[in-house]
Amino acid sequence: MNGPTLAEIADQAGVSQATVSRVLNDKPGVSDSTRQCVLTALDVLGYERPTHLKPVTSGLVGLIVPELTNPVFASHAQAIETLLSKDGYATAVCTQAPGGMREDDYIRVLRSRQVSGIIVISGSHADTTADRSTYRELVEIGLPLVLVNGCAPDINTPQISDDDISAMDQAVAHLAGLGHKHIGLAVGPRRYVPVQRKERGLREAMNRHLHGRGTVTISNTVFSVDGGVRAAVDLLSQGVSAIICGSDLMALGAISAARAQGLSVPHDVSVVGSDDSALMRYTDPPLTSLRQNVSLISTMAVQSLLGQVRGDAAFLGERLVRPELVIRGTTGPASTVS
C-alpha cells in the first residue's frame, strides 16, 4: 500500500472519514485542533504529510543547554521549541555533556548552519571565570542572541534570569516562620552568578527576617543528586535545621543524606528545592520548592530573539522573573532540639 486509507487515518484521529478528506484537501470547515489531530495521526501512522500540509520553516534557531538530565533544562528546551515552532522556526538543541562539545564549538557549528539566532541557558554568561569573547563576536556581527539564567553585564544583548534574591527571601521567610534559625545553603561552585546571588540573597534575607539572630552555613558542591548528598552531610554536621538547595536534584540528594543519618524530613530537618520540576510533587514527602517560571522565561527569551530577527528594538540588559515558593511536605517546624 502506497499510503494510508481514509479509514485508517480517521480511526487513528478519532474523526470521520469526511473530516479527514477535508483536512487532506485543505478545505475549510475544520477546527484547528481537529486539523492538528488528523495531521498527527498521519505522523503516528508513519506516512509523510502531503507537500501542501507540511509546516513552513522560517529558519533554524540554536538552543544551548548544559544538559537534559536536569528536568528544568528539559522543560526550557520543550517550551522554547514549542514556541519557536509556532513561528515556523526549527530548533537545534545542543547539550554540553561531559567530554563532548563545548559551548564555543556549538556556536561555531550553529553559525556554519546559518541559524537565525541563538539562545543560551546557564552557559558561559553564568560563569564569572569564563571567556565571553564569542558572545561579543556574535553581538558585533549582529546575530540575534539571548542569554538565560546568568548575567554578563558586558554583553549588550537581552538577558533573562530567575530572581535568586527573591527566591532566598521567600525561602527564608517561610523557614523563619517555622522557627528555623540555623539555615544551610547547598549550591554549586561559587564562580557561578546564580550561586553568588543565592548566597548574597540568603544572608540579606536572614538579616531581614531574623534580625541578626540567625546563622548561615553554605556548602558548595555541584548541582546534582550526589552534590546534594555531599552538601547535606557537610551542613548537617554543622547543626543546620533546614537546608535550601540550589536545585531539585540537590534537594533529593539532601533528603537521602538526612535519612541515611536516621533523620526524618521534615521532623528533624527541613529541605527546600529550587526549580520545582514536574515530578517534585510526587516525591515522598512531596518537595517544597522554589518554582522557576519556565513558561514565562522561555516566552520572554523567544520573544526577545524573534524581535531581534525582525529588527525590532530589543530590550538590552537583564530582566528578572520572580519564582514562586510552593510549600509541600519537606518543610516543617524546627525541632526543639535543633
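Which residues does Ser124 touch, not counting residues up to four places away in sequence? The first legend answers this; every view is drawn from a predicted model.

**View 1. Ser124 in the loop between β3 and α6.** Leaving aside residues up to four places away in sequence, Ser124 touches Glu103, Ala130, Asp131, Arg132 and Tyr135. The relative accessibility of Ser124 is 16%. Because the limit for buried is under 20%, Ser124 counts as buried at that value.

**View 2. Helix α5 (residues 103–112) and its cover.** The buried residues of α5 are Glu103, Asp104, Asp105, Tyr106, Ile107 and Leu110. Among the elements that cover these buried residues are the strands β1 (59–65), β2 (89–95) and β3 (117–121). Helix α6 (133–141) is also included in the cover. Glu103, one of the buried residues of α5, is also one of the residues touched by Ser124. Just after α5, Gln114 takes a positive phi of about 55°.

**View 3. The crossing of helices α1 (residues 6–13) and α3 (residues 32–44).** Two packed helices are described by the angle between their axes and the distance between the axes. Here the axes come within 8 Å and cross at roughly 110°. Angles of 65 to 115 degrees count as roughly perpendicular, and α1 and α3 are therefore roughly perpendicular to each other. Their crossing is right-handed. On the α1 side the contact is made by Ile9, Gln12 and Ala13. On the α3 side it is made by Cys37, Val38, Ala41, Leu42 and Val44. By class, the residues of this contact divide into 7 nonpolar, 1 polar and no charged.

**View 4. The cysteines Cys94 and Cys151.** Cys94 has a relative accessibility of 7% and counts as buried. Cys151 is buried as well, with a relative accessible area of 12%. A disulfide is a covalent bond between the sulfur atoms of two cysteines. With a pair of cysteine sulfur atoms required to lie within 2.5 Å, the count comes to 0 disulfides.

**View 5. Gly239 in the loop between α9 (225–237) and β8 (242–245).** Is Gly239 buried or partly exposed? Gly239 has a relative accessible area of 38%, which makes it partly exposed. The view also marks Leu296, 57 residues from Gly239 along the chain. The C-alpha atoms of Gly239 and Leu296 are separated by 38 Å.

Key: Residues numbered from 1 in each chain as written. Predicted model: local features only at pLDDT ≥ 70, side-chain atom pairs only at ≥ 80, totals over all residues. Heavy atoms only, no water. Buried < 20%, exposed > 50% of the residue type's maximum accessible area, 1.4 Å probe, protein only. Helix = DSSP H or I, 4+ residues; strand = E, 2+ residues; numbered from the N terminus. Contact = heavy atoms within 4.5 Å. Axes fitted to C-alpha atoms, helices over the stretch in contact; angles between N-to-C directions. Parallel < 35°, antiparallel > 145°, perpendicular 65-115°, else oblique. Left-handed = near helix turned anticlockwise from the far one by under 90°. Nonpolar A, V, L, I, M, F, W, Y, C, P; charged D, E, K, R; others polar.
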